[in-house]
Amino acid sequence: LKTDIIKEGYGQDLLNYAKKNFNLRKIYVNDQKTLVNSPSQFQQLLNVNSAVQRWAYGDERSWIIGDILHSKPATIRYSDKDTRVVVGTNAGFLHMFKGDYSGKQNPESWAFYPKELTGKLLINLKNNIEKKGNTSDHPYGVDGSIFVYTKDGNKDGNLTNSIKDKAIVFFGLRRGGQHYYALNVINPDKPKLLWSYKLPDNAQSWSTPKITYLHNKSGKKTLSMIIAGGYDTNKDANSTQDLNGTNIYAIDAVTGKQLWRLTKNKPINGKLTHSMPATVSILDSDSDGITDRLYVGDTGGNIWRADIVPKDNGNNKKTVSSGNNPKEITLFKVAQLGGTNGNDRRVFNRIDVVRTFYNNRKVDFLLIGTGTRPNPKGTTVKNKFYAIMDFKVHTQLATASDIKDYPIKNSQLAD
């Protein structure tokens with residue numbers, strides 16, 4: 001079956017603009033703690049020649065925007081007359097597009113190419129398109145989905161370039177690499193690099209950031225990014241335990257510094273032995289505006305729960321220690337749904353948490369489906385959709401005796 005794809009929209013308008021003005025595009029590369037946007041700096045930081053640079057900017061191209069495979073576009077509303085769209089592509093760029101523009105204008109506000117992708121991605125992509133390389137290899141660039149945090153500090157209904165307002169874009173590379181990035185985009189035409197963070201092992205940065213408030217070691221309410229450990233490519237071909245991606249992280253969302261990390265030895269009833277590419281589900285069980293519980297699945301088919309109970313130091317000052325495995329956090333396995341062969345179920349997606357009642361008892365329903373993202377056509381594994389009932393609805397520092405009925409297993413569930 002041969003299908004034609006109509007090339008239009010942002011892609012066609014950007015192509016039309018770049019044919020004559022490719023070197024006028026604002027393309028940024030991160031240089032240490034800042035962003036730079038000149039063609040010469042692009043060449044220098046990525047170690048590419050002028051031909052590759054010109055090609056990357058759009059010179060003599062039949063199409064510019066790379067494929068958008070896993071990166072989910074996000075919108076930012078600055079005012080009634082100014083909305084922008086942010087999306088990543090596997091050509092290695094994060095693009096910001098204008099929501100309202102004339103078709104004869106440049107639809108792109110700017111593009112950002114993380115230098116950690118290196119110039120090799122561009123060279124390989126250029127060779128593949130020009131059929132000089134192995135065209136069966138699909139390159140990955142900015143492949144992760146985007147989380148946008150906004151705050152209308154002065155409550156005027158708009159996001160302006162002021163001290164009180166905030167607009168921050170968070171994203172990982174997913175199949176493209178091991179990094180996360182945060183860009184300050186309160187000025188939609190001039191982004192600033194807040195930070196980049198590399199996962200400390202060799203896991204890929206699959207887990208979409210969740211932005212929330214946590215207590216830090218000083219008792220300060222801290223805007224934070226919570227991510228799971230990421231994906232170990234061992235799981236592309238095997239069901240064995242993983243060496244990478246077996247952590248849960250909390251990162252200061254403004255500085256990029258790690259607040260704490262839960263490692264494989266933290267759980268009360270077992271160990272984290274399978275990588276965790278899923279997005280973490282967060283819960284504020286006492287409605288105080290600060291996250292105190294987490295749920296996340298792994299590629300072994302397990303569901304994990306973390307309870308965060310800050311130390312009360314008086315004067316309304318609550319603290320959570322920094323570093324690995326803070327004592328103010330407990331972690332345990334809620335459910336064990338995977339196995340081997342036909343039972344090799346894996347959790348790649350975020351768990352939906354529904355707070356409700358069952359037989360007049362408070363309960364948190366955990367809703368999740370299993371599957372294998374690297375092999376979506378596979379039929380040997382009996383994947384299922386689950387509704388797990390967690391009756392421990394109060395956040396607390398659990399002990400072994402508290403969780404004697406966990407983990408919940410398939411044999412205990414109705415089919």
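Reader: In this predicted model, what share of the contacts with a separation of 6 or more comes from residues 24 or more positions apart?
Author: Such residues account for 61% of the contacts in the chain with a separation of 6 or more. The model is a predicted one.

Reader: Which secondary structure elements does the chain have, and how many?
Author: The chain contains 25 strands and four helices.

Reader: How does the radius of gyration fit a compact globule?
Author: It agrees: a compact globule of 415 residues would have a radius of gyration near 22 Å, and the chain has 23 Å. Along the principal axes, the C-alpha atoms fill a box of roughly 70 × 55 × 35 Å.

Reader: And what percentage of the residues count as buried?
Author: Of the 415 residues, 50% are counted as buried. The accessible surface of the chain is about 20,100 Å², and carbon and sulfur atoms contribute 46% of that surface.

Reader: Turning to charge, how many positive and negative side chains are there?
Author: There are 59 positive and 39 negative side chains, with the centres of the two sets 2 Å apart.

Reader: Let us look at helix H3. Which of its residues are buried?
Author: Helix H3 spans residues 50-57, and its buried residues are Val 52, Gln 53, Trp 55, Ala 56 and Tyr 57.

Reader: A change of topic: where is Thr 263, and is it buried or exposed?
Author: Thr 263 sits in the loop between strand S14 (258-262) and strand S15 (281-283). Thr 263 is buried because its relative accessible area is 12%, and the cut-off is under 20%.

Reader: Which residues does Thr 263 touch, beyond those up to four places away in sequence?
Author: Thr 263 touches Thr 246, Asn 247, Leu 272, Asn 324 and Asn 325.

Reader: And Thr 372, where is that one?
Author: Thr 372 lies in the loop between strand S23 (361-369) and strand S24 (385-390). With a relative accessible area of 18%, Thr 372 is also under the 20% cut-off and therefore counts as buried.

Reader: What is Thr 372 in contact with, leaving aside neighbours within four places in sequence?
Author: Thr 372 is in contact with Arg 346 and Phe 348.

Key
Residues are numbered from 1 along each chain as its sequence is written. This is a predicted model: local features need pLDDT of at least 70, side-chain atom pairs count only at pLDDT 80 or more; totals for chains, interfaces and linings use all residues. Side-chain values use heavy atoms; hydrogens and water are left out. Helices (H or I, at least four residues) and strands (E, at least two) are DSSP runs, numbered from the N terminus. The radius of gyration is taken over C-alpha atoms; the globule rule is 2.2 Å times the number of residues to the power 0.38. Buried means under 20% relative accessible area, exposed over 50%, partly exposed in between (1.4 Å probe, protein chains only). Contact means heavy atoms within 4.5 Å. Accessible areas come from the Shrake-Rupley method with a 1.4 Å probe; for residues, only the protein chains shown count as cover. Lys and Arg count as positive and Asp and Glu as negative; His and the chain ends are not counted. The place of a charge is taken as NZ of Lys, CZ of Arg, CG of Asp or CD of Glu.
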